[in-house]
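Trainee: Could you walk me through this model, one feature at a time?
Mentor: Gladly. Have the sequence and the coordinates open.

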Amino acid sequence: MQTSDKTARQLYAEIKANPTRKRFGFGRVPALINVDPQKAYTCVGEFATAYETDPRQMEYINTLAAEFRARGFPVVWTYVAYMESGEDCGVWGTRSNTPDSLQNIKVGSRRSEFDDRLVIDRERDIIINKRMASAFFETNLGSIFSFHGVDTVVVTGGSTSGCVRATVVDSLQRSFRTIVPEECVADKHESPHFANLYDMALKYADVLSIEETLAQLKQVPARTIPPGGVR
């Protein structure tokens, strides 16, 4: 194992400045997954579990979502929320039991609500209540993407080291080209945030700026055939 006195931020900055991996790039049908941008994780000062990395994160996510919709591509929002018993959180919910614990984000609670700054089209967008880290685990996301012919996944949300990373790894394992706009993901502390951006950039995803993500997205021809039609 190599050792270093560099911080995770410094290590990430180095590979960002000198990338060593070929990019996946966008395919023909991208989808946007916004992972758990809910009040439990975004309302800093109200909930102990909340965090902020880039103060414009919600604005950037809205911009991406609007562009995906305008081009006829799927927009997905996930959130975590559990039964009153918390049993659907499984063993994950057994490590602590405080008002801030994961399994105590109840269905219909304020902690489960999406951030008020987000613009969500509740008629067109896909909203998924997930119970585990990955947006793909035991949800219908895979079949939805199959229906749409998706080949590329852009992932935003939080946390970088938790549910975002799990979703990114699952996305790649399903052979989706996977892209992470750096300003659109957040974590509680900079070390896991930058360590996971570093790791994802080396192994699992294209980690791009929001500007480059939007620029590449706009090069993909808009979809004019409705989902389920002949592609």
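Predicted model: local features only at pLDDT ≥ 70, side-chain atom pairs only at ≥ 80, totals over all residues.

Trainee: Where is D115 found?

Mentor: In the loop between β2 (75-80) and β3 (126-130).

Trainee: Is D115 buried or exposed?

Mentor: Buried means under 20% relative accessible area. D115 has 5%, so it counts as buried.

Trainee: How do I read helix packing, say for α5 and α6?

Mentor: Take the angle and the distance between axes. Helix α5 (residues 160-173) and helix α6 (residues 190-203) pack at about 10°, with axes 10 Å apart. Angles under 35 degrees count as roughly parallel. That makes α5 roughly parallel to α6.

Trainee: Which residues in α5 and α6 meet?

Mentor: From α5 come T160, S161, V164, R165, V168 and L172. From α6 come P192, H193, N196, L197, D199, M200 and K203. By type, the contact divides into six nonpolar, four polar and three charged residues.

Trainee: What about aromatic pairs? How many does the count come to?

Mentor: Eight. Judge each pair by the distance between ring centres and the angle between planes. Y41 and Y51 are stacked, at 6.2 Å centre to centre and 25° between the planes. Y41 lies in helix α2 (residues 39-42) and Y51 in the loop between α2 and α3 (57-70), so the pair ties together parts 10 residues apart in sequence. Y41 and Y51 are buried.

Trainee: And why is the pair of W77 and F114 edge-to-face?

Mentor: Planes over 60 degrees apart count as edge-to-face. The planes of W77 and F114 are at 65°, with ring centres 6.1 Å apart, so the pair is edge-to-face. W77 is in strand β2 and F114 in the loop between β2 and β3, so this pair ties together parts 37 residues apart in sequence. W77 is buried, as is F114. Ring pairs also link W77, Y79 and F114 into a cluster.

Trainee: What should I look for in the backbone?

Mentor: Look for exceptions. Most residues other than glycine have a negative phi, and most peptide bonds are trans. Here a cis peptide bond joins G158 and S159, with omega about -10°. S159 is found in the loop between β4 (152-158) and α5.

Trainee: Last, the core. Which residues in the largest nonpolar core touch the most other members?

Mentor: I33 and F145, out of 56 residues in that core. The largest share comes from α3, with six residues. Leaving aside neighbours within four places in sequence, F145 is in contact with A31, I33, V76, F136, V150, V153 and F176.

Trainee: Which residues does the second, separate core include?

Mentor: Among its nine residues are Y51, Y82, L102 and A186.

Notes. Residues numbered from 1 in each chain as written. Heavy atoms only, no water. Axes fitted to C-alpha atoms, helices over the stretch in contact; angles between N-to-C directions. Helix = DSSP H or I, 4+ residues; strand = E, 2+ residues; numbered from the N terminus. Parallel < 35°, antiparallel > 145°, perpendicular 65-115°, else oblique. Contact = heavy atoms within 4.5 Å. Nonpolar A, V, L, I, M, F, W, Y, C, P; charged D, E, K, R; others polar. Buried < 20%, exposed > 50% of the residue type's maximum accessible area, 1.4 Å probe, protein only. Phe/Tyr/Trp six-rings, centres within 6.5 Å; stacked < 30°, edge-to-face > 60°. Core = buried A, V, L, I, M, F, W, Y, C linked by side-chain atoms within 4.5 Å.
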